[in-house]
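The following exercises concern the architecture and assembly of a protein model. Each task is followed by a solution in steps.

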Protein chains: 2
Amino acid sequence: MRKHNFSAGPCILPQEVFKKASEAVLNFNNSNLSILEMSHRSKDIVAVMENARSLVKEVLNLPSKYEVLFLQGGASLGFYMSALNFLEKKGAYINTGTWSTKAIKEAKKVGDVNVVASSEDKKFTYIPKNIEAGDADFLHFTSNNTIYGTQFKSEPNTSLPLICDMSSDIFSKPINNIEKYALIYAGAQKNLGPAGTTLYIVDPEKLGMTKRDIPSMLNLQVHISKDSMFNTPPVYPIYVSMLTLEWLKENGGVEKAKQRNTAKAELLYNEIDRNNLFYGFVNKEDRSHMNATFGLHNADLKQIFLDKCEAAGINGIKGHRSVGGFRASMYNALPLESVQVLVDVMKNLDN
Amino acid sequence: MRKHNFSAGPCILPQEVFKKASEAVLNFNNSNLSILEMSHRSKDIVAVMENARSLVKEVLNLPSKYEVLFLQGGASLGFYMSALNFLEKKGAYINTGTWSTKAIKEAKKVGDVNVVASSEDKKFTYIPKNIEAGDADFLHFTSNNTIYGTQFKSEPNTSLPLICDMSSDIFSKPINNIEKYALIYAGAQKNLGPAGTTLYIVDPEKLGMTKRDIPSMLNLQVHISKDSMFNTPPVYPIYVSMLTLEWLKENGGVEKAKQRNTAKAELLYNEIDRNNLFYGFVNKEDRSHMNATFGLHNADLKQIFLDKCEAAGINGIKGHRSVGGFRASMYNALPLESVQVLVDVMKNLDN
């Protein structure tokens, strides 16, 4: 039985991507070599990197000034690297949950940090609005909060350059007002690819302000100057990301992805609101289209619900340990049918 | 035709590893899920990480005090991280080529560096002996120099704790006097696995001396405290590394690997010394068993030799751009038969 994979990340990718990715491990591009044993300086692998980088630009319709890098370390290293490369005098941060909190912690090791808005007062169940960011080098925010299940519906209104950890909703919809961003960074393991590479979209005009002597591997300018090949890149995760971007492009790009994701989210949230057994955890207007968090009023039903989910082939529905309840992650590659299976289990829970 | 892959890294891995690695992308452990879509917190993936870490301990026969981590960033990030975690007052460094030079450059961003020995005077064609390391927190060296083709046959004689970039010869032979090491780090993409993960073997008793406020992702103590799962690890590269370690264990471990690697190196170096057309680039006693660098006396024969290599299915024999000539990398998974094919081409070059 094929699973319905609601895992929060690493998470479902398209089936055709898995097929091509599996073949490449045995014989890549009819070279009679595995992709895993090929030099990163070989023509075939350089082409993978170049293709992956230009697909990002194309799919997101990036203005030409932006540079695209496939690096390592996840958003967790991005928290530190973003501050190291852009924080000259002060960074303004919005705290919307676990990942923002970590970003703030790492930035404080670099310089002055001003937390200009936070939803911690209500356990991160909403997105702060009408932010006054004040004077700062940039405003940092987390576009989607996987753990709490909230999402910015538009970027914060500010004249400051934006830095965004977009790990969990990049490629799920178009990026509005892209020119406002100095930096977008994103761990691959949601809508982009498997764990092991991290995407950086950089406005190079905003680099070099800090005058800091940055270690080479943490220096975005160094990676840009080497076309994202300063050292051996994580070839396979980048290759699978390239395949996923090709799939996205062939399936209507981010515009169509947004339509599909909206349909999936509406199907699930409508059931959460209709079904008296369940309730959503966060403010309705701030609900994430990627990660729906919800609970059961009657705790006695919890194990029954999980058992019925498992019987239906549903994977990864248990909530994050810091929030409890349930979490349904509905990334790009999750089909509407999987959400329908989940909704059917919810509908039939009291039968 | 199956290739004879002499690539310097990423490089050949065992064929049975490719087969299992390919299957796992379609269906891992009969879960009906791809390994690429599984949560890193799932039982199956946690088991991969634990298995990979304990195989390293077992295969290298590490004393119990050592901690094993699978991180990201390659040795290039290791250059900086090693200094950040261990350099309190001063680091002593041996410069044996490109990678040592980079390690020294990154360490200087952290603190005082003393280059106590260098083979730069003779274009890195030898390994410095009888080193006087003086007073320092540690002595750093590069055990094998992929680009120049030299290798330490035993660790430098010093009472200082050792830090070693062992990227290109770890698992090719036993590590002598392991208890002398405070840290060993190694990019996976030689004898361990594909590109995308970096091995750290740490003596935790030597950590915490620097009193530095280290960013979380660069802090070895943080990774140790989270069992190498502080953030989403590069799951697939670690899985393939685990498979490669299983293969190594099943094939007699590092003792037998050393025998096989010695036989391959002797076969090739004997031909380089016997054949008047060729010459080796480095001091005989310092020749690497992993990467043999050599040239042709007659430059006119170069393209003919490369063409004959290609016709024989030989891949990756061209020398590094900074050295020229040829480089034959003979990592663990390269069979003796491949070296024989290369030697046969060399023997028949003037026919």
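Into which domains is chain A divided? The model is a predicted one, in which local features need pLDDT of at least 70, side-chain atom pairs count only at pLDDT 80 or more, and totals for chains, interfaces and linings use all residues. Residues are numbered from 1 along each chain as its sequence is written, while chains are lettered from A and ligands numbered from 1 in the order in which they are written.

**Exercise 1. Domains of chain A**

Task: Identify the domains of chain A and describe the side of domain 1 that touches domain 2.

Solution. 
1. Chain A consists of domain 1 (4-12 + 253-347) and domain 2 (15-250); such bounds come from an automatic or database domain assignment.
2. Taken over C-alpha atoms, the centres of domain 1 and domain 2 of chain A are separated by 26 Å.
3. Contact joins 27 residues of domain 1 of chain A to 27 residues of domain 2 of chain A, two residues being in contact if their C-beta atoms, placed from the backbone, lie within 7 Å.
4. On the domain 1 side, helix 7 (253-274) and strand 12 (291-296) of chain A each supply at least two residues. Helices (H or I, at least four residues) and strands (E, at least two) are DSSP runs, numbered from the N terminus.
5. Helix 7 of chain A provides the largest share of that side, 6 residues.
6. By class, the domain 1 side has 11 nonpolar, 11 polar and 5 charged residues. Here Ala, Val, Leu, Ile, Met, Phe, Trp, Tyr, Cys and Pro count as nonpolar, Asp, Glu, Lys and Arg as charged, and the others, Gly among them, as polar.

**Exercise 2. Relation of the two chains**

Solution. 
1. The same surface serves both copies, since 100% of the contact residues of chain B recur in chain A.

**Exercise 3. The surroundings of B:Asn291**

Task: Is B:Asn291 buried or exposed, and which residues does B:Asn291 touch?

Solution. 
1. B:Asn291 lies in strand 12 (residues 291-296) of chain B.
2. B:Asn291 counts as buried because it has 29 C-beta neighbours inside 10 Å. A residue is buried if 20 or more other C-beta atoms lie within 10 Å of its own, exposed if 12 or fewer, and partly exposed in between, with C-beta atoms placed from the backbone.
3. Not counting residues up to four places away in sequence, B:Asn291 touches B:Ala8, B:Thr146, B:Gly149, B:Ser168, B:Arg327 and B:Ser329.
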